[in-house]
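Keep the viewer open as you read.

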Amino acid sequence: METEGRSAIRNEHTTLWLLLILRGAHLAGLAPVAVPLAHRLLFLTNSLAHVYQQVAPSDFVLKHRRGPYYPDAQFTFERLAVQGLVDLGPLRWDRSHSFPEIETEFSLSHAGTELLKHLANASRWCNEVMAFTTDLCAAVATVEDGEEIETMDEDLTYAQSWAKQNTVIPFRYEEQRLSGQAIREFTNLAPDSLQPNRQHLLRLYLKYLEKVADAE
Amino acid sequence: MPSELLDPKLAVEVLQKEEYGPDEAMSEEDTFIDDVCEWLRDWIHSASESEREQMEPFGFVFSGEKLTKEVLPDGEQAPHFRSLKTNNVSGTVHACTLKLKSVVRRTLGVDASGMLLWIQQTVGPDCTAVVFVPRESKALVKRAADDVDECQVVLFATQKSQQVFDFSQLDTMLDRFHQEWTSSHMAYCRVWKTASKRILKEYAEVQIQGNLLAYLRWFVQPQGLVDEEIVTRKGRTDIRIVRLNQRKDVESAILELKVLSHKRDARLWALEGLQQVQDYRSTIGGSGEDYLCCFDARTTDQDIPDVVTACNGAGVNHKRFYMETN
């Protein structure tokens, strides 16, 4: 029973987290969010949640052939669409890869917006995660249009050289969270007396990843 | 400390290119206002004065609780502002996301107050709006919690007046702030409860500090950082401006604000402010300019000799701004 209880909480956790990502994406002008971007946003929020003292719904990522991917989250996005909390874009086949896949876009629906408005008034946790997901999406939105995917794939946790395709990359423990460590290094590099705030650190990190992607 | 994970060259490039930003994370609303003001600053420099003269006010609306298409349901999808510096914006109102990346617009063609009223009545009172008046290079900012009558006014430097900020301009900037915000009861900063009797509102100093903070931020950032209520071991000081000089050394200017009134001993109150500036320098240190700014609400427009002497002796700039109510 205890396991079932924990599982139920985890499901709620993931569901709300995804809705908050879609809200952040909308506010940052990234919506509607195509599936590859949605999974990358989820991954970055998972790997950087500790910067905002939050516990992410997942502490690992699957290095799928098309980038970071969470099979459970894909199912949750679709379930939220059926529930009317998420709007689904047109379904189409993406045949640009050797394995054709169904592509679509997600965006927060009116009902989803109303639900989050209600929860933000009632829950401090929701408010705090909302601030984090909005800041993260706003940081992603500072990357040049069309460069978001390449930039996010340079994330230091994700782009570790040992992690090959279909590997699961864990980041439960501090020493595994290279993204968070890199962000903290910006604090050391900034001039004394001018310490970037956490919102600014996210933006600096994304701009850094953009430069790394450009350099390759 | 050398970086182990980051490429130091790329990281330093990013740090040099990105603005410093405020010391605390900004709310969605502040971020939106900042994004709009940043776009407006660029836009002012790309539009000629004659173009601006002929343009009608235009506005930007944001709501964290509504989808963009719901903010202006009868609006049309428009190109985002990031790449369009010369967008035809005259007389239009735009529902935008952060970074002005997703835009829905509608032509309105009314004056600034008409646009604000329309936004409040049509979009809803809980939205954030920035209405820009091109002829005056002035923006009216309505926050979600405020009424249209409580708009904050933001003035933009035009091409002629724009220059690189350094501390030598601070004296003039403070004089200008006083002239436009606090010199009279009709100025932008409404601190008087009953002007005819020279009775101030309860939190006049807080209000002046907020206005001065916003004013300085528009002019100083991103070339410097402006923050407030800096806590030191001995107490706190009101406003601080931090910038890097040409040698890349950090310099700071400290501004202690005091409102002098008949309610308390003005001399002691001003000297307490001077002590706070000195406490900052003795605990935090650093080099730069220090100011004691006294906003004078007393009935007589007269310097307090002891305060002037003490400031001169301590190397602190003394500014007294008399607030008229005639």
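In what order do the three strands of the open sheet in chain A lie? The order is β1-β7-β4 in chain A, with antiparallel pairing. The edges belong to β1 (33-34) and β4 (86-88) of chain A, which each have a single partner strand, so one side of each has no neighbour in the sheet. Between β4(A) and β7 (residues 105-108) of chain A, which run antiparallel, there are three bridges; A:Val86, for example, stands opposite A:Leu108 in β7(A). Strands here are DSSP E runs of at least two residues, helices are H or I runs of at least four, and both are numbered from the N terminus. Two strands pair if DSSP finds at least two bridges between them.

A word on the source: this is a predicted model, in which local features need pLDDT of at least 70 and side-chain atom pairs count only at pLDDT 80 or more, while totals for chains, interfaces and linings use all residues. Residues are numbered from 1 along each chain as its sequence is written, and chains are lettered from A and ligands numbered from 1 in the order in which they are written.

**Where the chains meet**

In chain A, 37 residues are in contact (C-beta atoms, placed from the backbone, within 7 Å) with 35 residues of chain B. Among the elements giving two or more residues to this side of chain A are α1 (2-27) and α5 (124-141). The largest share, nine residues, comes from α8(A). By class, this side of chain A has 17 nonpolar, 12 polar and eight charged residues. Here Ala, Val, Leu, Ile, Met, Phe, Trp, Tyr, Cys and Pro count as nonpolar, Asp, Glu, Lys and Arg as charged, and the others, Gly among them, as polar.

**Helices and core**

Within chain A, A:Asp135, A:Leu136, A:Ala139 and A:Val140 of α5(A) meet A:Gln199, A:Leu202, A:Arg203 and A:Leu206 of α8(A). That contact has five nonpolar, one polar and two charged residues.

The largest nonpolar core holds 100 residues, and those touching the most other members include A:Leu41, A:Val140 and B:Val61. The element giving the most to this core is α5(A), with 10 residues. Such a core is a set of buried Ala, Val, Leu, Ile, Met, Phe, Trp, Tyr and Cys residues joined through C-beta atoms within 7 Å. Leaving aside neighbours within four places in sequence, A:Leu41 is in contact with A:Ile21, A:Ala25, A:Val33, A:Cys137 and A:Val140.

**Strands of chain B**

Strand β6 (residues 138-142) of chain B has four of its five residues buried (20 or more other C-beta atoms within 10 Å; exposed means 12 or fewer, partly exposed in between; C-beta atoms are placed from the backbone). Five bridges link β6(B) to β5 (residues 128-133) of chain B, antiparallel, and B:Val131 has B:Leu140 as its bridge partner. Four bridges join β6(B) to β7 (residues 152-155) of chain B, also running antiparallel.

Most residues other than glycine have a negative phi, and most peptide bonds are trans. These places depart from that:

| Site | Backbone value |
|---|---|
| A:Ala31 to A:Pro32 | cis, omega near -5° |
| B:Lys99 | phi of about 60° |
| B:Leu100 | phi near 50° |

A:Pro32 lies in the loop between α1 and β1 of chain A. B:Lys99 lies in the loop between β3 (92-96) and β4 (103-107) of chain B. B:Lys99 is buried, with 22 other C-beta atoms within 10 Å.

Notes
Contact = placed C-beta atoms within 7 Å.
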